[in-house]
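Please look at the sequence and the structure first.

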Amino acid sequence: MMITLGQILALLVVLWVSAYKRMRTGTALVAAAVVLVAMSFVWDVAIVPWVLLGLFAVVYFFNDLRKDKITLPIFKLFKSVLPPMNQTEKDALEAGDVWWDGELFKGNPEWSKLLSFPKPELSKEERDFVDNQATKLCEMVDDWKVVHEDKDLPPEAWEYMKKEGFLGMIIPKEYGGKGFSALAHSTVVQKLATRSGSLSVSVMVPNSLGPAELLLHYGTDEQKNHYLPRLAKGEEIPCFALTGPEAGSDAGAIPDTGIICKGEHEGKEVVGIRLNWNKRYITLAPVATVLGLAFKLYDPEGLLGDTEELGITCALIPTDHKGVEVGNRHYPMGQAFMNGPTHGKDVFIPIDWIIGGKDYAGKGWRMLVECLSAGRGISLPSSATATGKLSYRLTGAYSLLRTQFKTSIGHFQGVEEALARIAGNTYQLEAMRIMTAGAVDLSCKPSVVTAIAKYHMTELARSVITDAMDIHGGRGVIMGERNYLSSGYMSMPISITVEGANILTRNLMIFGQGAVRCHPFVFREMQAASNPDEKQGLEEFDSLFFRHVGYGVSNFIRTLTLGLTGARIVKKPVSGKTGRYYQQLTRMSSALAMVSDLSMMIFGGDLKRLERLSARLGDVLSHLYLASTVLKYYEDNGRPESDLPYVDWCVQRSLYEMQKAFLDFFNNLPMKGLGRVLKWMVFPFGTKYKMPNDKLEHTIVKPMMSDNELRDRITLDSYIGESDDDAAGRIENAFKKVLATAPIEKTLRKAMKDGSLTQSRTREETVKTAVAAGILTQEEADQYLDAEAARLDAIQVDDYSKEYIVNGAKNAKKSSQAAA
């Protein structure tokens with residue numbers, strides 16, 4: 001009996017190790033047989049272990065027997081329970097590429113693969129454009145005037161944008177565009193956003209999802225040659241109309257229609273489309289000269305073929321075409337970028353105005369979701385990072401300048417807590433912006449990764465701007481030329497809403513799409529099950545299913561093993577402190593793979609309707625990605641010592657959030673017993689991950705209130721005006737003056753403390769007395785008083801006449817002139 005148990009135990013150990021290392025099944029069975037043979041030389045041969053091994057071997061090696069007796073019944077069951085999927089859902093699921101998210105989802109990420117991705121960098125031409133043209137454009141725009149007085153960008157800014165190619169950054173040079181990388185696109189938009197949200201949106205949209213991108217990927221040669229040079233030069237201003245009153249986040253539900261029919265165009269009868277649409281929230285529509293339009297296309301007369309309902313289609317229509325109505329404006333959160341509705345009733349267009357021509361009739365949804373999967377990772381993440389950078393730089397400076405109880409407010413622990421969130425989140429934003437844009441530059445369209453970026457970066461920006469406003473208090477609340485936060489704070493809900501509401505993105509997209517696309521087997525199993533050739537489908541399914549079973553067993557073994565060992569047995573891809581983080585992230589990746597597989601097995605297609613449960617698993621996947629971007633950013637920058645506290649803060653926070661998401665998932669499972677078992681498997685010794693402590697947060701705040709390389713690097717490519725009349729420049733200049741005179745301040749305080757100087761009623765009198773007593777030189781006194789004047793000016797807020805507030809700037813001026 002003991003011999004049998006010993007050999008069974010040896011067999012289990014071999015299979016356990018094989019599963020942990022993810023050996024091929026055949027290799028594991030051979031290894032187990034070798035061990036049993038070797039043990040037979042020491043002990044008598046036990047029958048039970050060989051029987052068990054034999055059963056495994058028969059199932060694995062006898063293909064026809066396995067397919068007939070095991071795979072076929074499972075295949076039929078799988079097909080019967082597979083939820084129905086319409087073409088729109090299928091297109092959305094298949095759109096885009098699997099990238100690093102696939103590694104994170106499979107439970108054993110190849111960290112060497114992450115570290116081998118080339119560091120995203122701007123070319124010399126792109127760097128010059130950011131430093132020169134983008135800077136000059138920022139100088140031409142006063143956000144207060146844009147938003148509160150003119151309600152538009154100044155005409156010279158529009159002309160400069162067109163002349164210098166801002167509207168054609170993504171268009172290749174062969175068509176007259178800039179041919180910039182995704183990183184350059186992101187960096188330009190980010191810089192403009194630190195100056196004016198209305199400016200950045202006006203540049204962002206033509207370079208994001210819209211006519212130019214759709215033409216580049218799907219347009220006919222004739223369409224490309226006609227439109228792309230005009231778009232690149234700004235001769236055409238594009239907009240793209242997708243959303244409407246009944247189709248927002250569920251863009252596939254658009255009610256706008258196109259009926260294929262014959263009609264007259266330019267004096268000739270042609271096959272075309274009669275369109276009816278009602279769109280809203282369309283950025284640039286009020287000034288657009290060419291309208292990209294998405295609609296559902298029908299062919300009731302069979303003019304194109306046998307199919308009546310062709311599906312979503314995209315077309316390009318000149319806005320001066322008969323029946324096209326644009327021109328009115330929406331007023332999104334008081335911002336001045338052009339946004340408005342567009343309508344059309346019985347508008348006839350020729351069939352060749354479909355993007356890609358008539359061959360692309362009905363293929364619009366696939367076109368849209370593929371382009372969006374890339375664009376989503378550039379535009380909104382760049383503006384979110386701009387919010388972080390501006391808040392980091394100026395809130396840190398303001399926290400030094402603003403004093404209470406004779407102490408800079410940044411030295412109060414309560415303020416420091418909020419500053420730490422701004423600091424850590426801004427570092428996270430920059431790391432994620434660069435890695436995500438870099439993915440697009442690798443000719444990848446990572447749909448899940450960009451959904452993660454859009455959701456988490458806009459939410460992090462919302463947290464950052466809220467903390468910045470709290471710290472500024474009244475200085476942030478009172479709107480005016482001096483206020484550099486109010487526009488960002490007011491417009492934050494716009495970023496949260498567009499390109500799919502964040503609630504939808506988190507609860508349906510990240511895990512709903514990620515669980516299928518990133519899983520190494522599920523999507524291919526679904527494809528095998530839907531194969532019209534059932535024999536071929538069974539063949540494919542047989543291979544996939546049993547590899548899937550092995551994958552599931554491996555994840556079970558790995559998760560328990562990593563939990564019991566604290567993941568210390570995982571090989572570190574780098575040396576130093578951060579090596580431990582890779583081990584912990586591998587552990588969380590394995591747990592996600594196991595729990596996801598089990599959830600899909602238990603709930604099947606119902607999992608996508610259990611939004612709160614699936615969203616928590618999406619949170620785990622998201623924070624695996626967030627932590628990955630920070631570690632990659634740290635390595636790409638040469639592992640600077642100054643960055644390490646920021647890396648610690650970001651990764652510790654992500655690990656804690658993953659732990660929280662898992663616990664919430666386990667505690668809310670309908671099967672309470674299963675929840676307790678899974679909780680023990682993932683966290684066998686209890687929850688160990690903690691949020692960053694006070695000491696670490698103190699460390700990451702310090703660079704915010706001093707002038708240093710790290711502060712400059714974290715806020716690189718932010719626009720800070722040089723003039724004291726500039727909203728941001730006023731704070732920055734005062735900040736540097738106060739830092740430069742800190743030793744003089746210290747000398748005065750020391751003199752007052754030891755009694756050699758008596759504090760007078762005013763600062764000026766105190767300084768004058770210090771000069772007379774030889775404590776300060778006149779040059780030091782002048783420098784100190786100048787810094788104090790700058791500090792006091794920096795913390796002031798604006799005030800306006802009643803006429804200005806009630807009637808606006810232009811009417812107030814007229815009123816003033818009339819009174820004079």
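Lys577 is partly exposed, with a relative accessible area of 47%, because partly exposed lies between buried (under 20% relative accessible area) and exposed (over 50%), using a 1.4 Å probe and protein chains only. The model is predicted: local features need pLDDT of at least 70, side-chain atom pairs count only at pLDDT 80 or more, and totals for chains, interfaces and linings use all residues. Residues are numbered from 1 along each chain as its sequence is written, and side-chain values use heavy atoms, with hydrogens and water left out.

**Exposure**
- Lys690 counts as exposed, at 57% relative accessibility.
- Arg376 is buried, and its relative accessible area is 6%.

**Place in the chain**
- Helices are DSSP runs (H or I, at least four residues), numbered from the N terminus.
- Lys577 sits in the loop between α23 (534–565) and α24 (578–603).
- The loop between α27 (672–682) and α28 (694–701) holds Lys690.
- Arg376 is found in the loop between α15 (364–375) and α16 (379–401).

**Contacts**
- Contact means heavy atoms within 4.5 Å.
- Not counting residues up to four places away in sequence, Lys577 touches Leu644 and Asp648.
- With neighbours within four places in sequence left aside, Lys690 is in contact with Gln652 and Tyr656.
- Leaving aside neighbours within four places in sequence, the contacts of Arg376 include Pro381, Ser447, Glu499 and Met509.

**Distances**
- Lys577 and Phe523 are 54 residues apart along the chain, and their C-alpha atoms are separated by 37 Å.
- Lys690 and Lys746 are 56 residues apart in sequence and 38 Å apart in space, C-alpha to C-alpha.

Terms used
Helices (H or I, at least four residues) and strands (E, at least two) are DSSP runs, numbered from the N terminus.
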